[in-house]
Amino acid sequence: MGGREKNIMLDEGIEEHGAESTALAAAGLHKSYGATVALENADIALKAGKVHALLGENGAGKSTLVRILTGAVRPDAGKMLLDCAPYAPQSLIDARTQQVATAFQELSLVPNLSVAQNLLLPTLPRGFGGMVSARQTLCDGAGILQRYGLERIDPADQIDGLPLADRQRIEITRAINNAGKVLILDEPTASLAETDWLFEQIAKATAKGVAVLYISHRLAEVREICTEATVLRNGASIASVDLSDASDGEIFEMMVGRKSAHERMTRRSPAAAAAPQLAGRNLSGHGLKNLNFDLRPGEVLGVAALEGQGQHGLFRMLSGLDQPVTGQVEVDGAAVQISSPRRALKTGSGIAYLPEERKTDGILPGLSTATNVVLPVLGQAARGGLLSQSREMSVAEASAAKVEMNPRYLSFAIGDLSGGNQQKALVARTLATGAKTLLLFDPTRGVDVGTKQSIYAAIHTFADAGGAVLFYSSELPEIVQLADRCLVLYDGVLVKDFEGDEISEQGLVAAMLGHVDEIAPQEAAQ
């Protein structure tokens, strides 16, 4: 097909979406990296003042499409229009200059700069002699924070000292502040336990006519905020649908090419007489207050809490990253002092920790996926004291199979994989340790529904074999589906311990907000 005929077809494809209300439209987008086709014939149209979802599994092409729309990557073919005019941004800054801004899932903030500096980059206010004015930077930053309801955050604070959720809010605020025409939000609630603030900001933006592209794996969230959705699979646009006309099952089938099984997994009832495999006794410190709990062999124990209620402190103390101020941790019935994650793995039957942030605390991006998987057990991949590549691959394949990870990815640099495959690799690494107790902090954050099902199955297989799992999730449906019991924390106190069929979204929400019939805070003696 000649170039002229192809452009005519692309123009017609864009016109089908209705030029008058379309803020940003793209048709026939194609992008390859060598022999790998990342995007093929992708189309999308965003309407002014509307929120449009982009759905698809990890690796479906969503990230590539976002990079093209924001100027980080140039397409090999295809056409884009912004307000009916040709649009071909050469960089993120170029796109922002044209009032198209993005909040990325993998945060793009500069960690060693202040909140105010990050909000105002790349152009900081200047004073006498053309020098950057620190005072005006702080003043302007404070104004932006106040405008978006974040005045509690100090504009002088350094980014890397903030909790992950606040860093996410700063990333989102910067994007909204620069998005005069189009706002792209990539997994914006991946680190947010509550959506109220975000949805309020989105409503204000759309009221001004801004078109919003919303990328999320949480369908309930998508239905609450979006009116239409475009589904990608294997780099191609499968369909653009009115969400009121499409069921969750239909959307899942479009995303993965097969029907979903959403039924709740079978609850376990570990024998009450069984000795706890992991326990906390009057644990206090790092946001917790006199916490007591037991985790038994074969049990999947969930933790539900709003942001900042002590869940981070709990997992960090149990994994050895922090020490309790008072109280103790027990493993296999014996009191232990866990000084590091390495020590946790060697304690009793072994404790392995999956951290919250895969990019900063999990993966080593320049190494192969296989090496990342076997890192805790390099001795198993060695022969005569030397690392054997064939042995490394064999050990990695055995663990990767437990999370249904395609073995071809093991030879890739893990930094080149999609977020879902990176998370599968980290779960595989946790399983490869041979630990009998797993600590999983938000194990499916920012991954697609297919990857979630693989991780869920791996967790239940592990528990069926007698392993014990403690996991926190920011997604309540995940807790309802996975947990045999669930601890609810409020202000650092255990306010409810749900068991079996008592676990419901409504009950969890009420307890998370402190609204329980009888709050039992476990006022143990100091």
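Biologist: What makes α16 largely enclosed by the rest of the structure?

Modeller: The model is predicted, and in it twelve of the 16 residues of α16 are buried, so the helix is largely enclosed. Buried requires under 20% relative accessible area. Val449, Lys452, Tyr456, His460 and Phe462 are among the residues of α16 that pass.

Biologist: Which elements do the buried residues of α16 pack against?

Modeller: Those residues pack against the helices α9, α15 and α17 and the strands β13, β19 and β20. Contact here means heavy atoms within 4.5 Å.

Biologist: How do you know that the span of α16 agrees with its number of residues?

Modeller: At 1.5 Å a residue, residues 449-464 should span 22 Å, and the end C-alpha atoms are 22 Å apart, so the two agree. After α16 comes Gly466, with a positive phi near 100°.

Biologist: What does the same test give for α5, residues 134-147?

Modeller: The 14 residues of α5 should span 20 Å and the end C-alpha atoms are 20 Å apart, which agrees.

Biologist: Why are the buried residues of α5 said to line one face?

Modeller: The buried residues of α5 are Thr137, Gly141, Ile144 and Leu145. Seen down the helix axis, they fall within an arc of 100°, so they line one face. An α-helix has 3.6 residues a turn, so residues three or four places apart point the same way.

Biologist: What lies on either side of α5?

Modeller: The buried residues of α5 pack against α4 and α6, while the face turned away from them carries Arg135 and Gln146, both exposed. Exposed requires over 50% relative accessible area.

Key
Residues numbered from 1 in each chain as written. Predicted model: local features only at pLDDT ≥ 70, side-chain atom pairs only at ≥ 80, totals over all residues. Heavy atoms only, no water. Helix = DSSP H or I, 4+ residues; strand = E, 2+ residues; numbered from the N terminus. Expected span 1.5 Å × (residues − 1). Buried < 20%, exposed > 50% of the residue type's maximum accessible area, 1.4 Å probe, protein only. Arc of directions from axis to C-beta.
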